[in-house]
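Subject: Structure handover

Hello,

Here is the structure for you to look over. My notes on what turned up follow below it.

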Amino acid sequence: MSDWKNTSITLISKDGFEHDLKLGAAIHSGLIKALLDISDEQITNNSIELDDLNMEIPLNDISGNILSKIINYLNYITFDNSNLDRKSTRLNSSHANISYA
């Protein structure tokens with residue numbers, strides 16, 4: 001059995017930007033998990049077969065800028081986040097929108 005959590009997949013935005021994301025982070029996104037056709041049972045049993053996965057996922061409705069932020073968030077909630085800039089996407093409680101530092 002392979003170490004699937006550290007295997008990278010490539011996500012391709014509608015404007016052609018490619019971003020790599022480790023499967024360990026990708027499974028936290030319902031959309032990406034569904035596109036990869038990975039079940040909760042496979043995750044629980046640690047039985048994901050890499051040969052059966054499409055390693056390049058086109059996301060035709062998402063721009064490169066937004067996809068980059070999604071990947072940063074998925075990495076933040078999945079892996080060691082001590083070196084990430086939390087201020088870059090914090091919600092300012094006095095505004096209705098997200099502020100970007």
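First, a definition: two strands pair if DSSP finds at least two bridges between them. Helices (H or I, at least four residues) and strands (E, at least two) are DSSP runs, numbered from the N terminus. Strand S1 (residues 8-13) pairs with S2 in the antiparallel sense, over five bridges.

Before the rest, two notes on the source. This is a predicted model: local features need pLDDT of at least 70, side-chain atom pairs count only at pLDDT 80 or more, and totals for chains, interfaces and linings use all residues. Residues are numbered from 1 along each chain as its sequence is written, and side-chain values use heavy atoms, with hydrogens and water left out.

The sheet
Three strands make up an open sheet, ordered S2-S1-S3, with mixed pairing. Strand S2 (18-22) and S3 are the edge strands, and each pairs on one side only. From one strand to the next, the twist averages 30 degrees. Axes here are lines fitted to C-alpha atoms, for helices over the stretch in contact; angles run from 0 to 180 degrees between N-to-C directions.

S1 and S2 form a hairpin with four residues between them. Gly-16 sits in that turn and has a positive phi of about 90 degrees. Ile-9 has Leu-21 in S2 as its bridge partner. Thr-10 has Asp-20 in S2, and stands opposite Glu-56 in S3. S1 and S3 run parallel, joined by four bridges.

Is S1 mostly covered or uncovered? Covered: five of its six residues are buried. Buried means under 20% relative accessible area, exposed over 50%, and partly exposed in between (1.4 Å probe, protein chains only). Helix H4 (residues 64-78) lies across S1, S2 and S3, at about 15 degrees to S2. Contact means heavy atoms within 4.5 Å.

The salt bridge
The count is one salt bridge (a side-chain nitrogen of Lys or Arg within 4 Å of a carboxyl oxygen of Asp or Glu). Lys-33 and Asp-40 form it through their side chains, at 2.3 Å, N to O. Lys-33 is buried, with a relative accessible area of 18%.

Positive phi outside glycine
Asp-37 has a phi near 60 degrees, a positive value in a residue other than glycine. Asp-37 lies in the loop between helix H2 (30-36) and helix H3 (40-44). Its relative accessibility is 65%, so Asp-37 counts as exposed.

Asn-46 also has a positive phi, near 55 degrees. Asn-46 is in the loop between H3 and strand S3 (56-59). At 33% relative accessibility, Asn-46 counts as partly exposed.

Best regards
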